Amino acid sequence: MSVKEPGRLDSWKEIGAYLQRDVRTLRRWEKEEGLPVHRHTHKSRSSVYAYAAEIDAWRVSRKVVPEPPPARPLWKTPAFALTILLCLIMVGNGIRPQVASAQNAGAVNRQVWTGPKVDPSGTVSPDGRLVSFTDWETGDLSLHDLTTGQDRRLTNKGTWDDSQEFASGSAISRDGKHVAYGWGATVTGPSGKQPFFEVRLIDVAGGKPRVLTTQPDVEFAYVNDWSPDGRWLAVHLIRAGGTGQISLVSVTDGSVRVLKSTDWRGPTRVAFSQDGRYLAYDLPLNGETDQRDIYVMTVDGSRETSAVSHLSGNRLLGWHPEGKYLLFASDRSGLPGVWAVPIEDGKPQGAPELVKANVNPASLGLTKSGGLYYSVMTSGRDIYVASMDLEAGKVLSPSTVIPQPYLGLNDSPQWSPDGKYLAYLAQKDSNSTTPRVTLAIRSMETGRVRELRTDLAYLIAGDYGRPRWSPDASAFFVVGADKKGRRGIYRVDAQQGKSTPLVIEEPGQEYPHLMALTPDGKTLIVARYDAKTRMAALFTHDVQSARERELIRRSNLGDSPVSPDGRFLAVTDRDRQAPSLLVIPLEGGEPRELLRVSAPETLGGFVAWSPDGKSLLFRKFVAGAAQRDIWRISVEGGAPHDVGLSEGIGRSPSIHPDGHQVAFTTIPNPKREIWALENFLPKQK
Amino acid sequence: MKTLFLLSLVLRPPLGLDLYMPVPEANPLTPSKIALGRKLFNDKRLSFDGTLACVSCHDPKLAFSDGRSVARGINGAEGARSSPAIVNRGYGRTFFWDGRAKSLEQQALEPILNPKELGMTAAEAERRTGLKIAEITGALASYVRTIRSGDSRFDQYAAGDAWALSDVEKAGLEVFRGKARCNTCHAGPNFSDENFHNTGVAWRDGKIVDPGAGEGKFKVPTLREVERTAPYMHDGSLATLEDVVDYYDKGGNANPSLDEEIRPLHLAADEKQSLIAFLRTLSGKIREGGR
């Protein structure tokens, strides 16, 4: 089922053999020149591993861009002291310092913002003092002051309960006085959900926003940039039908000029040139690939030129303020990095050059002085496995992380029916707006991981998108979207990754959630949220005939696993006043209530069958309490029994068929940081 | 400067279409070339017997289609496929039902030389017009790029006028994007993904009677002006929009190469009616030649 991960070197010995150097040299290179070596940090004695491709790319950048020899002993220079200080800061934040890859030895890369509210959807102000962002606590447009560290909300819509509206994709004007942003929501009308989006303008001091345009047929509007004269906004619209549009919105009268229509993925960034004559953007090559090229178009739409074309991932970062370079992120060397291509009259003038290796930025734009502000993800989400005695409520061995060769988002673990494999969703390129999520299949015997790239555009992780194994392990049932952007439940062949649509979203409704699969693989348990009634409903969906039957309809439903014999469904009804635990016969019949609790007690979303099918495991706790024990209750009824394990099982748990291992994820939200890269272009240019 | 100003007027697209239209560097748009192309488009000297011109099969009154099932050339010769409506072809990537032409310039030449269409030789066309054949095709392609349909009621709705569509038409838009999934192929501002699909139309008597782009696949036509471009499909085999909706509702003609997107829709009668009502909102204003 799996093969050894190609190109992975699993020890200092293997890395040394690959580079034909001893361990001492490797350690020195790692310390001084950024040799890309990874560590299993979960182990008490850390072990290392590396990738041949990364090492090759490191070697190339090291040869092409040698560090200039020091004019005098390094320890006597203030710059050296600063570098050491920055390295310490970076190491402290989990970032390996970058040394050898920047072409300009005077380049400075510094962290400017970290914390739970970091959001990469805005831009930096021209003076580098402010960053616009969406505060997802409420959905308000906000500003973060990089000098004081203070956040300030520009809009005040109230809580999510007050309003479902939110800001998206904002940009600070080039005079630093205004912020333009998308503002939208989904309104529920008689015919279901109807999206609308506005492009708005507000002073950086706050006040009443000005609506530039209201678009009833638009699902998202991302303001990317202001024209240098302040008269136009570069906006990426996504129409309700799935068409992306690179557009200009007039600041004067709100009129919209659609320059170019694209598929639903659209550009990750659109930026005006310094003279205002051109727009640069990146777009996928075609419907079959996620690889992007970068283009430059005249603002009157009369000409489009390919600025960067390469069989690699290329994402626009922005124009350098001098107007001579277009900056983009690319993995063309095998490693991600920042590249610059000289541009004149909207056309490329030579080959791109690597200006900063080993960084995978998502751009927040550039300051007047040429500083590139960007976001990176600095902590991912990992899969853990713990051994425990669920009967006795004892953890038999501490949880261990499933080691990953990259920093990314790993989610939704699911054991194979025979318990020999663990499948989970893995997203590597965390900065991409069109994340590529693969299905990772790990052999628990050998530790080898096979990545299954599906033909879907993306897979949806989380509790409603856990991959489900078919009984014979020949296929997975997943939630995702095809290359036309249609979300739904698909069956994916476990060898080739070819998908077959099973349940596709209906307009005006949420996409269908995959809650469970019967042991015979013939019936899906599908959850749908009805926007009109604001109720969640569970259905059986026959895979062969597509016939559906409603099982239950409630305001809030949690996990819904099928019993090992395939006869019953367990459901947590998370009613706010009186949550309950139910068992529903799949052959038909009324739900049977096993347990009902009342405030201040409540039930968590988690519920699972014991491997023998005789009892249910679930979370019961006092609302707001940190301790959230696992409880067990017999399906025959009776009082529940506190198993404990409050700390032992994390998010999205999957219980091994033997009942003694649990796989789960822990970190609900990855950590992002904003960094500033300054003085990075070659000086001679 | 004056030329650029005139060109910007000529090229300003109607509401709903992109400002950017790909134009080959070797054949830039100019007002004079567009005017020449328009003249040639209506010039019967480009047919062997002087009876037909491009406009004979691409009638502006019928949204630049001809109302026939299959195209009719000189001497009454019938082709195998219908004349497509050539609105918004400047946004196209490939041309003809089977996509064999990679540019409008290449496309413009074939009907002139086809014995079943205009039946000319390049030399004769040059002799009659006093123009090089590349000038003829370049001018015709330039003119065709100016034939644009937009500013329909749907475009007005999409641009922010929520009242531009009736409730029935809005319901039809939902069917279009939802249950019927028409926008899987009829996507984007021109309502075509410019790709090729086997919808089963070419499958008759147990075989594919016209391979098209291969295995019975044909290019997705625009739905702009669809109300005016009957009969439908590449062979004109369906007379009305009702016929087309019924055809897709039953899942097309089953055949080994049928596109996996084509499957029975189970539309209710009111859903079919609203869908057709929506399709009729795609009739708008056609601009051509800078007019």
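Select Pro284(A) and then Arg292(A) in β18(A), its bridge partner. In this predicted model, local features need pLDDT of at least 70 and side-chain atom pairs pLDDT 80 or more, while totals for chains, interfaces and linings use all residues. Residues are numbered from 1 along each chain as its sequence is written, chains are lettered from A and ligands numbered from 1 in the order written, and side-chain values use heavy atoms, without hydrogens and water.

Strands here are DSSP runs of E of at least two residues, and helices runs of H or I of at least four, numbered from the N terminus; two strands pair if DSSP finds at least two bridges between them.

Next, display the whole open sheet, whose 4 antiparallel strands follow the order β16-β17-β18-β19 in chain A. Its edges are β16 (270-272) and β19 (304-308) of chain A; each has a single partner strand, so one side of each lacks a neighbour in the sheet.

Move to chain B and select Phe41(B), Leu46(B), Ile112(B), Ile136(B) and Leu140(B), which touch the most other members of the largest nonpolar core, a set of 29 residues. Such a core joins buried Ala, Val, Leu, Ile, Met, Phe, Trp, Tyr and Cys residues through side-chain atoms within 4.5 Å, buried meaning under 20% relative accessible area (1.4 Å probe, protein chains only). Colour α6(B), the source of the largest share of this core, 7 residues.

Technical notes
Buried < 20%, exposed > 50% of the residue type's maximum accessible area, 1.4 Å probe, protein only.
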